[in-house]
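Hi,

Here is the model I promised to pass on. Have a look at it first, and then read my notes below.

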Amino acid sequence: MAQELPPEADVVVIGAGLAGLVAARDLIAAGRSVVVLEARDRVGGRLLNADLGDGKVVEVGGQWVGPTQDRALALADELGVATFPTHAQGDNLVEIDGGLRRYRGAIPKINPAVLVDIGQAQFRLDRMARSVPAEAPWRAPRAEAWDGQTMWTWIRRNTATRAARALLQLAVEAVWAAHPADVSLLHVLFYTRAAGSFDDLVGTEGGAQQDRFVGGSQELALRLAARLGDAVTLDAPVRRIEQRDDSVTVSSDRGAVSARAAIVAIPPTLCARIAYDPPMPALRDQLTQRMAQGSVIKCMAVYDAPFWRDEGLSGQATSAEGPVKVIFDNSPPDGSPGVLLGFLEGRQARELAQWTPEARRRAVVGCFERLFGPFAASPDAYLERVWAQEEYTRGCYGCLMPPGGWVSLGPALREPVGRLHWAGAETATTWNGYMDGAVRSGETAARAALAQLAE
Ligand SMILES: Cc1cc2nc3c(=O)[nH]c(=O)nc-3n(C[C@H](O)[C@H](O)[C@H](O)COP(=O)(O)OP(=O)(O)OC[C@H]3O[C@@H](n4cnc5c(N)ncnc54)[C@H](O)[C@@H]3O)c2cc1C
């Protein structure tokens, strides 16, 4: 990693998450000089491995990859990072209306009226999503009406049963890490369109949770950064960006670099915390005032072995009671040690983030015990990450549009401002919010910067 910043480069990249690192890779491959400025003392951003000992890891940030996430898979291939399937053999659990039931496959054994209710809602959501252009959601035929309501309003108007509402709420919290009342219906439809379908978002086999990376997803960022070598400077939070007719100067805590273009590869919320001269256009600034991060605490309990597998359980569970509402078996590929992964999302994440770590651990492990029995009560270790507390992330999985956001401010999300190009998972039109989207956004921004340099 670079010790001293060069005063000049063709392009400065801000942020060494997947998007920034991929952009830098492509710019360097095109023969351009690049400086990547990263605020943290590590690369990977929302990707972070945690050590389990014996060379094994789990991720406390993003981890899964699935079918059609072709750019993330191609990157893994290029870097020699293999994938393995998420453990899904055995019965899943669903806890709803005070009852705990086992089921196999994708469809829980619950009241058929509730299943029909969810099915019709999902069918309608998919049909509406197909009419939303992912590159310009504000041009959807019913954009005004859909952006004028929250997902919660839509769920309440379009479901007949309390259980269907609870399960749809749970699905929204699992995908967006936010209560449905926090999100525009148009945002949900856009995001669904960018992924393919609602099933693609929530599914394990055949969906976004199908596979994991051997050695952990941060390996992608670590290997990319190793290839970039001195081009990446850590501990360099960017504070100010000045644009003049023929140059852009990016000032960080490690010094300033002048360039002919810059790629800002950080979430929109954090873009608003940089000072710009001249100031950002009003539309762009108002966009970054409104796009808010979801809230997630990713929690894992580590056991000697995945004991639930011996009882014919997959380790996957959904609970409408919570506070952990979605659970997975997150053991390493060889099944040792056993790891249960639970997400605290949206309001649960915000509330429990205020508790002491010990109280949070009791609540999470208590939930695992309720669902998986007494063995779950005594993990050997417990890991968690409160992403809203991270200075250079401030929430997760990504940024959401509140009602009205897409229609009035959407065009400012990707539109370059002078020599500044925007990247990051939030700017992607395919798999927005995911690692795959981050990779695609880095590739797109690098192409735009190269075109500008060629002018
Ligand atoms: C708990 C969790 C679970 C997730 N699960 C999945 C999953 O299973 N599958 C999936 O595909 N995606 C998942 N995601 C989302 C995925 O991690 C992100 O979409 C992706 O990593 C975003 O990459 P990025 O490069 O766009 O942004 P980031 O990773 O946020 O990178 C931005 C970088 O910019 C840096 N930075 C910020 N401000 C400044 C500044 N002022 N100056 C310099 N540097 C700055 C940050 O430190 C960071 O390194 C998850 C995320 C979380 C947190």
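Two residues are taken to be in contact here if their C-beta atoms, placed from the backbone, lie within 7 Å. Keep in mind that this is a predicted model.

With that in hand, start with the contact between α3 and α7. On the α3 side there are Leu125, Asp126, Met128 and Ala129, and they meet Leu189, Thr192 and Arg193 of α7. The two helices pack at an angle of about 80°, and their axes are 8 Å apart. That angle makes α3 roughly perpendicular to α7.

Now for α3 by itself. This helix covers residues 112-129, and its 18 residues should span 26 Å at 1.5 Å a residue; the end C-alpha atoms are 25 Å apart, so the two figures agree. Which residues of α3 are buried? They are Val114, Asp117, Ile118, Ala121, Leu125, Met128 and Ala129. Looking down the axis of α3, you'll see these buried residues fall within an arc of 100°, so they line one face of the helix. As for what covers the buried residues of α3, the list includes α5 (151-158), α6 (162-176), α7 (185-195) and α8 (198-202).

On to the strands. β1 (residues 11-14) pairs with β2 in the parallel sense, over four bridges.

Arg244 has Ser247 of β12 as its bridge partner.

Two single residues also deserve a look. Leu224 sits in helix α9 (residues 218-228). Is Leu224 buried or exposed? It is buried, because 24 other C-beta atoms lie within 10 Å and 20 or more are needed to count as buried. Setting aside its neighbours within four places in sequence, Leu224 is in contact with Leu21, Val22, Arg25 and Leu79. The C-alpha atoms of Leu224 and Ala24 are separated by 9.4 Å, although the two residues are 200 apart along the chain.

The other one is Ser441, in helix α16 (residues 435-453). Ser441 counts as buried too, with 31 C-beta neighbours inside 10 Å. Again leaving out neighbours within four places in sequence, Ser441 is in contact with Ala19, Ala423, Gly424, Ala425, Thr427 and Ala428. Ser441 and Gly55 are 386 residues apart along the chain, and their C-alpha atoms are separated by 32 Å.

Cheers

Technical notes:
Residues numbered from 1 in each chain as written. Predicted model: local features only at pLDDT ≥ 70, side-chain atom pairs only at ≥ 80, totals over all residues. Pairing = 2+ DSSP bridges. Expected span 1.5 Å × (residues − 1). Buried ≥ 20, exposed ≤ 12 C-beta atoms within 10 Å, placed from the backbone. Arc of directions from axis to C-beta. Axes fitted to C-alpha atoms, helices over the stretch in contact; angles between N-to-C directions. Parallel < 35°, antiparallel > 145°, perpendicular 65-115°, else oblique.
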